[in-house]
Amino acid sequence: MEIILYIFAIIFGLLVVGLLYTLVKDFKEIVLGIVNGCKPQLWYPITWIVSPIWIVGYGLEKAFGWNIIEKSSDTDSDGLEKYHSTGNLKLDFSNGDKIIVSQTSQRKAESVIRDFLEFCDGDLKFESFKISSGQNLKIDCPNQITFYDFSILTQHFCNKVTKSWGIFKSSWLTYYSYSNKKTFHNIVGQTTDGQKFSIYTLDDLYKDQYLRLNQDLEVKTFSWNLINNGVQQNL
């Protein structure tokens, strides 16, 4: 009996140590989570009671410039909704170059492509992807890759290698794109003439081949200076 109590005491002690370690290691994230969880919401009366905590955090951010309050976006909190659009820019995806640029090794790029080929819709072959090195790794995709598959490949590369971009180049339209980390299914980007857009990967991208325009989107900048076989980019 004493041995069992001793074992339980050891287990309890380890759990307490683990809890304390988590609290110390993630103290900042825990506090910020509590503050943002107290944001007043109309349909949740409990938040009206705890809202002073959020108000204090909001005041501290405004007074001292601290990054406390989570910024709202165009998506629901579950990250599943598509971004709002003000119009659609049609594109002829069959006529143009489809390129992936990624700051990764050739071995990693090959692994990502092979992984993608396991679930892509199109009848694509690994040998059809041409990988060349430069300042960044450049992957020329086969011309027959669909708008849907290219969007999914861009998203897959961005999920595996953060500094990755999907590029479409034609005589009448050129754009860069990347997977938006704030949501699960939105790709965002910008055309060379400055039009910001999103692509929602749950849309029927076989039929709806267009860019969903929205100039209010936050989009990272990209430099179009070609260097050898790579693309120089500002991240």
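Here is a walk through the nonpolar cores and the salt bridges of this chain. What you are looking at is a predicted model, in which local features need pLDDT of at least 70 and side-chain atom pairs count only at pLDDT 80 or more, while totals for chains, interfaces and linings use all residues. Numbering runs from 1 along each chain as its sequence is written, and side-chain values use heavy atoms, with hydrogens and water left out.

Let's start inside. A nonpolar core here is a set of buried Ala, Val, Leu, Ile, Met, Phe, Trp, Tyr and Cys residues joined through side-chain atoms within 4.5 Å. Buried stands for under 20% relative accessible area, exposed for over 50%, and partly exposed for anything in between (1.4 Å probe, protein chains only). The largest such core has 30 residues, and F129, F147, L153, F157, Y175, I199 and L211 are those with the most contacts inside it. Helices α4 (106-117) and α5 (147-160) each supply at least two of its residues, and so do strands β4 (137-140), β8 (196-200) and β9 (210-213); these elements are DSSP runs numbered from the N terminus, with helices being H or I of at least four residues and strands E of at least two. The largest share, 5 residues, comes from α5.

L211 is a handy place to look around. Setting aside neighbours within four places in sequence, L211 is in contact (heavy atoms within 4.5 Å) with G87, N88, L89, L91, F147, L173, Y175, T191, F197, S198 and I199. There is also a second, separate core of 12 residues, with V101, V188, L217 and F222 among them.

Now for the charges. Taking a salt bridge as a side-chain nitrogen of Lys or Arg within 4 Å of a carboxyl oxygen of Asp or Glu, the count comes to 4. One of them joins K82 and D203, at 2.8 Å from N to O. That pair ties together distant parts of the chain, 121 residues apart: K82 sits in the loop between α3 (45-64) and β1 (87-90), and D203 in the loop between β8 and β9. K82 is partly exposed at 31% relative accessible area, whereas D203 is buried at 16%.

Another bridge pairs K182 with E218, their closest N and O atoms being 3.4 Å apart. Again distant parts of the chain are linked, this time 36 residues apart, from the loop between β6 (174-179) and β7 (186-191) to the loop between β9 and β10 (226-227). Both ends count as exposed: K182 has 52% relative accessibility and E218 has 64%.

Finally, D140 bridges to K138, with closest N and O atoms 3.9 Å apart. D140 is partly exposed, at 24%.
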